[in-house]
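Subject: Structure handover and findings

Dear colleague,

Please find below the structure I am handing over to you. My findings follow directly after it, for your review.

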Amino acid sequence: MTTQLPKLDLMKSHIWLRSKEIDTDLNGVTMQEMTSAVERYRRFESVLTKLFDGDWDGKIQSDLKPYPHAEEHQGHLLVKCDATLPMTGSVKARGGVYELLCYIEQIGLAEGLIEPNQPYDALATEESKKVLSRYGIVVASTGNLGFSIGLVARRFGMAADVHMSYDAKEWKKERLRKIGARVVEHDCDYELTVAKARDAAKAGNSHFVDDERSRDLFVGYTGAAFELRDQLNSLKIEVSAERPLVVYLPCGVGGAPGGIAYGLRAIFGDFVYPVFVEPVASACFYLALIGGGKTAVSVYDAGLDNQTVADGLAVPRASELVLQLVGGSIDGAIAIPDTTMAPWVARVWKELDQKLEPSAASGFVAYEALVNKLSSADPHTGRLNKQALMLGTHIVWTTGGAHLPEDEFTALLNQSAASV
Ligand SMILES: *Cc1c(COP(=O)(O)O)cnc(C)c1O
């Protein structure tokens, strides 16, 4: 098994494209579960505007913008701006936070703080905070998941323990402590940190947001697909066999890209082509998919070290749950070199006025790599082929960065200036 894993060159892009048809039956999460997740978010809108003040409507939604300098094909290149999502400034507001809201709703109902079918505004009161302070949430994170859960949990008054892997940056820990979360530091990688946090939650009787195995978290991410459908409708962009939708999704453990891909497949069937994007050093989905997509393998077994500037994607092994739910629906996996992301961070800042972290810029790199591959003399002839490239609507999903501290962002821009 181990000996069959290829040795990936860290300086090159690696592209896997599905050669056969995708699995047509999509099962595991029902349409009803997905729409009830959208409704749950709706029930929380008014309380979220109270807890996170600012000029907004409580909707966890982001813009879909045309990219101003698209490459030359007849389709469109658009950007889904989840890097600017309210509250957290990352895609985690859709999934991790959704699971937290499920838990808060359950407590709120059990404690009599809220009633079914009534507004949830009472969850913003001091009394509610006192009640919720007796409950805790535990999560493991290299960064955005911990920040998102920590931030939202603390606003509701709930205790939050964030277990962080060795590669978590100091400023991310500091930022969490400042909002009153407890940071538990580990000297191991993300996969092991998740295992340790899972055990700690069990021992402490707190709710564990399980990034690898949680169904709620996965279902939360599917909501993005309904939002995108409405946005495409209002732009009058059709999705059809002639005009397929190619979506570039930055991928860590797989929950975010998996949930989004699942929702899109449920809506658009096989007219949508999800492409997962990873740094080469953490190419766990790429490795799983070239091996048939049924089992998760560890990047360490392929001689990779899981060290990357894309810290939001530094995950050594794919989620088995995600592989099982959407493994057969993924059309492409693209692993990209670390050096390629910072230049796109600079470009998007200049051209779209949007702050991205390296992880969130990876979709642009993958789009470029795919354009090159499909325009070459020897293009892929499977589903994701030259025609899909030329006529398709391409959407790069930007997943985080709006809340990067100014000096971190400046350092990133300088890094990209130095690399050209
Ligand atoms: C978490 C995250 C992802 C990927 O999500 P997974 O669920 O781990 O696959 C992508 N980009 C950013 C910026 C993230 O924080």
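The notes below go through the sheets, the helices, the cores and some individual residues.

Please keep in mind throughout that this is a predicted model.

The pairing of β2 with β3 is antiparallel and runs over three bridges. Within that sheet, Lys65 has Val79 of β3 as its bridge partner.

The other open sheet has four strands, ordered β6-β5-β4-β7, and its pairing is parallel. Its edge strands are β6 (182-185) and β7 (207-209), each of which pairs on one side only. On average, and with direction ignored, neighbouring strands of this sheet are turned by 25 degrees against each other. Helix α4 (residues 144-155) packs on this sheet and touches β4, β5 and β7, while its direction makes about 165 degrees with that of β4.

Strand β4 deserves a separate paragraph. Strand β4 (residues 136-141) pairs with strand β5 (residues 159-164) in the parallel sense over six bridges. Val138 has Asp161 of β5 as its bridge partner, and Ser141 stands opposite Met164 in β5. How many residues of β4 are buried? Six of the six are, so the strand is largely enclosed by the rest of the structure. Both faces are covered, with Gly136, Val138 and Ala140 buried on one side and Ile137, Val139 and Ser141 buried on the other.

Helices α11 and α12

Helix α11 (residues 341-352) and helix α12 (residues 358-375) have axes that come within 8 Å and cross at roughly 100 degrees. The two helices are therefore roughly perpendicular to each other. On the α11 side, the contact is made by Met341, Trp344, Val345, Arg347 and Val348. On the α12 side, Pro358, Ser359, Ala361, Ser362, Phe364, Val365 and Glu368 take part. By class, this contact of α11 with α12 comprises eight nonpolar, two polar and two charged residues.

Nonpolar cores

The largest nonpolar core has 108 residues, and those with the most contacts inside it are Phe156, Leu232 and Phe285. Helix α7 (residues 215-234) gives the most to this core, with nine residues. Leaving aside neighbours within four places in sequence, Leu232 is in contact with Leu64, Leu78, Ile237, Val239, Leu245, Phe268 and Ile395. A second, separate core of 39 residues includes Val79, Phe364, Val365 and Ala366.

Individual residues in loops

Is Ser90 buried or exposed? Its relative accessibility is 1%, and Ser90 therefore counts as buried, the cut-off being under 20%. Ser90 is placed in the loop between β3 (76-81) and α2 (96-110). Not counting residues up to four places away in sequence, Ser90 touches Asp82, Ala83, Leu85, Asn144, Ser148, Thr399 and Gly400.

Asp378 lies in the loop between α12 and α13 (386-391). With 61% relative accessibility, Asp378 counts as exposed. Asp378 and Phe364 are 14 residues apart in sequence and 22 Å apart in space, C-alpha to C-alpha.

Two further residues concern the backbone. Most residues other than glycine have a negative phi. Asn117, in the loop between α2 and α3 (126-132), has a phi near 65 degrees, a positive value in a residue other than glycine. Asn117 is exposed, with a relative accessible area of 74%. Asp353 is not a glycine either, yet has a positive phi of about 60 degrees. Asp353 is found in the loop between α11 and α12 and, at 59% relative accessibility, counts as exposed.

With kind regards

Technical notes: Residues are numbered from 1 along each chain as its sequence is written. This is a predicted model: local features need pLDDT of at least 70, side-chain atom pairs count only at pLDDT 80 or more; totals for chains, interfaces and linings use all residues. Side-chain values use heavy atoms; hydrogens and water are left out. Axes are lines fitted to C-alpha atoms, for helices over the stretch in contact, and angles run from 0 to 180 degrees between N-to-C directions. Angles under 35 degrees count as roughly parallel, over 145 as roughly antiparallel, 65 to 115 as roughly perpendicular and the rest as oblique. Contact means heavy atoms within 4.5 Å. Ala, Val, Leu, Ile, Met, Phe, Trp, Tyr, Cys and Pro count as nonpolar, Asp, Glu, Lys and Arg as charged, and the others, Gly among them, as polar. Two strands pair if DSSP finds at least two bridges between them. A nonpolar core is a set of buried Ala, Val, Leu, Ile, Met, Phe, Trp, Tyr and Cys residues joined through side-chain atoms within 4.5 Å. Buried means under 20% relative accessible area, exposed over 50%, partly exposed in between (1.4 Å probe, protein chains only).
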